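Good morning, colleagues. I would ask you to keep the sequence and the structure in view while I speak.

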Amino acid sequence: MKAAVLHELGKPPRHEDFPDPSAGAQEALVDVRAASLKSVDKQLAAGTHYASPRELPAICGTDGVGTLPDGSRVFFGGARRPYGAMAQRAVVPAAFCFPIPDALDDATAAAIPNPGVSAFLSLSHRANLAQGEKVLILGATGVTGKLAVQIAKQLGAAKVIAAGRNPQQLEKLRQLGADSTIPLNQPDDVLRKAFAEEAGEEGFNVIIDYIWGHPTEVLISAITKPEFAAINSETRLVQVGESAGPTITLPAAVLRSTALTILGTAGIPAPEILFAAMNQVLAWAATRALQIETESVPLSEIETVWSRTESGGRRLVVVP
């Protein structure tokens, strides 16, 4: 079969022949129809992820869409190494195969589960978002950020503020449910004022932070109380990504003057929570309550497209 085969960490995979897999006990053999190309796929192949392969060659790709021997169409993950999703066939745990609603096309079904489930769990499982709360998505113009805006609305947020650098995507986010937007590429004093105005007296209830670094420092300074004041609500900041920088400076006064709780994503949740999130995301996508932009590319071009960066919040989908 043809596959995206990785021979050396840090190098792009090559489109070439690889032996076909066979399924063992409690495994499923999948004929792959589509697999999304995500940051985690590149990190694994680069050797910078804790789960990067230690034995090569191996096939790239963590999840995808395909058909089982009985003809049913599924989203799958957890391929047994050295196999991966970017191939004509993959072998995966049978428990990691999820039925796909008929209304979803292959590209959308391959692209939306990974970022959609991540955003859903950050909002519902980590931030415990409640109906009527105010949410700020920091880094909203990326693939996952755009889905987080939509999911926050589905979960009952009263107001969702989208902050990002891409003005075209910020405008699109208004059409996807954002109540207001904040451009991040403006002077610190202007950005700080914009955060403070959106926070208002009641503050943000939930912040999902995909970028960290300097923009987060500006945000924290904007919501820090400059005097003794009664605190009426807590702000739960969930730290998810670090596209603007891996560290921040956090003055102690921030945590003493503001009811700010900083949370991580805390790894992989219990299977029943993960499976429920997957089913919910797929159901929303089937009714277009969640939307994602995709671009399909042939597997034969994997070496060329590997180094491409996501632009405009669009996810690349590899088609065997």
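Which residues does T67 touch, not counting residues up to four places away in sequence? They are L29, V30, D31, R33, S72 and R73, where contact means heavy atoms within 4.5 Å.

Before I continue, please note that this is a predicted model, in which local features need pLDDT of at least 70 and side-chain atom pairs count only at pLDDT 80 or more, while totals for chains, interfaces and linings use all residues. Residues are numbered from 1 along each chain as its sequence is written, and side-chain values use heavy atoms, with hydrogens and water left out.

T67 itself belongs to strand 5, residues 63-67. Helices (H or I, at least four residues) and strands (E, at least two) are DSSP runs, numbered from the N terminus. With a relative accessible area of 15%, T67 is buried; the term buried means under 20%, exposed means over 50%, and partly exposed lies in between, for a 1.4 Å probe and protein chains only.

P298 is in strand 15, residues 293-298, and counts as partly exposed because its relative accessibility is 35%. Leaving aside neighbours within four places in sequence, P298 is in contact with V318 and V319.

I turn to the aromatic residues. Rings of Phe, Tyr and Trp (for Trp, the six-membered ring) pair if their centres lie within 6.5 Å; planes under 30 degrees apart count as stacked, over 60 as edge-to-face and the rest as tilted. By this rule there are four aromatic pairs. One of them, F18 with Y83, is edge-to-face, at 5.8 Å centre to centre and 85° between the planes. F18 lies in the loop between strand 2 (14-17) and strand 3 (27-37), and Y83 in the loop between strand 6 (73-77) and strand 7 (89-93), so the pair ties together parts that are 65 residues apart in sequence. F18 is buried at 11% relative accessible area, and Y83 is buried at 12%.

F98 and F275 also form an edge-to-face pair, with 5.2 Å between centres and 70° between the planes. Since F98 lies in strand 8 (residues 97-99) and F275 in helix 9, this pair ties together parts that are 177 residues apart in sequence. F98 is buried, at 11%, whereas F275 is partly exposed, at 26%. Together with F96, these two residues form one aromatic cluster.

Helix 9 (residues 271-286) also packs against helix 3 (residues 113-126), at an angle of about 115° and with axes 9 Å apart. Axes are lines fitted to C-alpha atoms, for helices over the stretch in contact, and angles run from 0 to 180 degrees between N-to-C directions. Among the residues making this contact are F120 and L121 of helix 3 and L282 and W284 of helix 9.

Finally, I draw attention to the backbone. Cis peptide bonds join L56 to P57, with omega about 5°, and R81 to P82, with omega about 15°. P82 sits in the loop between strand 6 and strand 7. W212, although not a glycine, has a positive phi of about 55°.
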